[in-house]
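Student: I'd like to go through this model and ask where its labels come from. Can you put the structure up?

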Amino acid sequence: MSEERREEEAMPFLKDSGRWFVWDPCGIVCAVFTYLLIVYGEFVVLAILAPPFPSLWTAISVMIFTSFATLAVVSHLRAMFTDPGIVPHESVSEQEVIERRQKGEEIRYCKKCRSIKPDRAHHCSTCERCIQRMDHHCPWVNNCVGENNQKFFVLFTLYIMLMSVYGLGMVAWFFFQCVQQDFDGCDWLLPGPLVFILTLFGVFEGFLFSLFTCIMFCTQVHAIATDETGIESLKKESREKRKWVDSFTDIFGGPPGVRWLSPLTPQPHPTFRRHRLLVEV
């Protein structure tokens, strides 16, 4: 088997379907665990918080919570299965790179990929590829966060944060109503002690989720606003930066609008075209 063939089979995406997926055991476990926590949140709302107090307000609250959870799951799937901005392998020898540099060309070369990489691309050891405008590799979405899927990662953190905060509000409302009724009927579906334990765990989950995703969301928004990825910040790489409006427009795929909040919109980037122009010079 040729070396090129072995490299193709080692690529962390499904070649036949064209879908990107990183075969990382740690990332897969983290992704599954994330879904289980979201499902648990839905269970607490549907089986504990909502049944004792049937009303229009309860129905609306359940719909809002479920909407946030659905948007979070869709955003997570898009972040996980979207190519983050892989740089295609272009076979270039180190000697050729040296010769071109001697001629005055500024070339960035990845020894692991044995390929020229464009500006702002960095190599990810987990994905085993260079990623255009790579921010970091996140095990919770089992993928790198790069120029093609950063929007979906931001939306994932946003909707998880909203879901968690809204869920904590529903728990507070639940206990307020129970105190008003001397806890009569609050164990409508499950025994009282079990209701308390499951709800307490839900509060703990909601607090941690809201805190963690709030930090990640603010970090990502700051990175986009300053046009500086996490890796660039750590390496203190200096370059000319764009205006924050241009940066947000590029990441979210268009001018400000409702589409920014949708995880279903496509987000094309000319990564491959720019890279091939660089190689073919």
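Student: How many nonpolar, polar and charged residues does the lining of the second largest cavity have, by class?

Tutor: That lining has 3 nonpolar, 3 polar and 6 charged residues. Ala, Val, Leu, Ile, Met, Phe, Trp, Tyr, Cys and Pro count as nonpolar, Asp, Glu, Lys and Arg as charged, and the others, Gly among them, as polar. Among the lining residues are Arg 120, Arg 133, Asp 135, Asp 227, Glu 228 and Arg 242. One caveat: this is a predicted model, where local features need pLDDT of at least 70, side-chain atom pairs count only at pLDDT 80 or more, and totals for chains, interfaces and linings use all residues. Residues are numbered from 1 along each chain as its sequence is written, and side-chain values use heavy atoms, with hydrogens and water left out.

Student: What makes a space a cavity here?

Tutor: On a 1 Å grid over the protein atoms alone, a 1.4 Å probe fits at its points but cannot get out, and lining residues have an atom within 4 Å of a point.

Student: Which residues lie nearest the centre of the largest cavity?

Tutor: Gly 41, Phe 65, Gly 167, Gly 202 and Gly 206, out of 16 lining residues. Helices H2 (25–49), H5 (150–180) and H6 each give two or more residues to that lining. By class, the lining has 10 nonpolar, 5 polar and 1 charged residues.

Student: Why does the end-to-end distance of H6 agree with its length?

Tutor: Helix H6 has 34 residues (192–225), so at 1.5 Å a residue it should span 50 Å, and its end C-alpha atoms are 48 Å apart, which agrees. The expected span is 1.5 Å times one less than the number of residues. After H6 comes Asp 227, with a positive phi near 55 degrees.

Student: Why is H3 called roughly antiparallel to H5?

Tutor: The axes of H3 (residues 56–81) and H5 come within 8 Å and cross at roughly 155 degrees. That makes the pair roughly antiparallel, since angles over 145 degrees count as such. Their crossing is left-handed, and the contact residues divide into 20 nonpolar, 5 polar and 1 charged.

Student: How do H5 and H6 cross?

Tutor: Their axes come within 7 Å and cross at roughly 145 degrees.

Terms used:
Helices (H or I, at least four residues) and strands (E, at least two) are DSSP runs, numbered from the N terminus. On a 1 Å grid over the protein atoms alone, a cavity is a set of points where a 1.4 Å probe fits but cannot get out, and a pocket is an open set with protein on both sides within 12 Å along at least five of seven lines; lining residues have an atom within 4 Å of a point. Axes are lines fitted to C-alpha atoms, for helices over the stretch in contact, and angles run from 0 to 180 degrees between N-to-C directions. Angles under 35 degrees count as roughly parallel, over 145 as roughly antiparallel, 65 to 115 as roughly perpendicular and the rest as oblique. A crossing is left-handed if the near helix is turned anticlockwise from the far one by less than a right angle, and right-handed if clockwise.
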